[in-house]
Amino acid sequence: MTVASRSKIGAKKVVDAYKPSTWRNKGWGWRIFMLLFTLGIIIGLLMFWWSSEPKQFDVQEARTAYLAEGQEPVVGSAVTGTTIAIIDTLLDKPGGFTMNDKLPPGLLMDNIPSWEWGVLKQLREVTFAMRNDFSRSQSQSAQMKALETAESNLRNDASKWILPSPESKYSEARDLLKQYGQGIADLKNSQAQFYARADNLVSYLDLANKTMGDLTQRLGASVGDVVMDIDQQSDDTDASTKAPVAQNARTPWMQLDNIFYEARGYSWALLLELKAIRIDFAKTLKSKNALASLDQIIAELEKAQKPVWSPIILNGRGFGFTANHSLVMASYLSRANAAITDLKQLLRNG
């Protein structure tokens, strides 16, 4: 080998030593690792984005957003439009509807699906009230087919992912509510009605009263204190089985945030519906001197929607060193629930 050849070989080795690494120089293990790492980053960013709770929307805008051209809002337009807008938010927020997701990132999330479950509970209650009370002049009146089908569609299993999907059923419910809302705004259509009577509103508030009581009880169980079962106080209670008078039912640690966000979702939707009720039932509320009571409920629910600055839902005990977010939420909801009870009394007797 000549001196010139040896020089060329040496120069080539020097150049190769300073060449940047390429994918071709790496093995399959490195490629798979980088692919999984990138995928993990993307999923993490999507989870962060999808976990943001939707903000409140303007009920006055929702009151007219779905009406046909030339139609003006009437009594019932606010509740109907707000319910439609809540369904739209549930389906069109970042990530869409996640309760039935079977793949990441939705599969790895539990807070926002719990929030969706709370919203869905309120949607089922308000559509039941619309079908059973708001749209009927008396107990013998015929039910509206559109509202009956809309309520049935909203009761579709939220965790089902095969056809028909919950998203398609909830979209159908939204279209049926739009049909009903345009019907009550049509002055020539006497079949579609919305009756803003005190007894109808009491029936709806009864539903919210019970759900709020259930949520407050489960939120309070975060500390695991011994509670008395008021249903078992009397030996004369006619029940299928007997339960202990004192119970210590502590919420499992892994479910604390689920119940918290379920309460957040329910109170978010209820707050919007009550703002709409303040518009549609204004005449009835004024005649019963009940506007101040409704405003108190709205104020308490707005406090329950304050931003959560902690990255996790803390579970401190009572007056302990760390906060207990579940007890804070229970405090707001219990005060709102007590105000709902007072409001019902005013509507009945005011």
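A: Along the sequence, the order of elements in the protein is α-α-α-α-α-α-α-α-β-β-α-α-α-α. That gives 12 helices and two strands (DSSP runs numbered from the N terminus, helices being H or I with at least four residues and strands E with at least two). The model is predicted, so local features need pLDDT of at least 70 and side-chain atom pairs pLDDT 80 or more, while totals for chains, interfaces and linings use all residues. Residues are numbered from 1 along each chain as its sequence is written, and side-chain values use heavy atoms, without hydrogens and water.

The protein has 350 residues, of which 42% count as buried (buried is under 20% relative accessible area, exposed over 50%, partly exposed in between, with a 1.4 Å probe and protein chains only). Of the contacts in the protein with a separation of 6 or more, 75% join residues 24 or more positions apart (a contact is heavy atoms within 4.5 Å).

N153 sits in helix α6, which covers residues 145-154. Its relative accessibility is 6%, so N153 counts as buried. Apart from neighbours within four places in sequence, N153 is in contact with K169, Y170, E172, A173 and L176.

Between α6 and α7, which spans residues 166-185, a loop holds P164. The peptide bond from L163 to P164 is cis, with omega near -5°. Most peptide bonds are trans, and most residues other than glycine have a negative phi. N289 has a positive phi of about 55°, although N289 is not a glycine. N289 also lies in a loop, between α10 (282-287) and α11 (291-303). At a relative accessible area of 63%, N289 is exposed.

Further along, helix α12 runs over residues 325-349. Its 25 residues reach 37 Å from the first C-alpha to the last, close to the 36 Å expected at 1.5 Å a residue (the expected span is 1.5 Å times one less than the number of residues). N324 caps the N-terminal end of α12, with a side-chain oxygen 3.1 Å from the backbone nitrogen of S326.

Notes:
A polar contact is a pair of N or O atoms within 3.5 Å; within protein, one must be able to donate a hydrogen and the other to accept it, and residues adjacent in sequence count only if both atoms are side-chain atoms.
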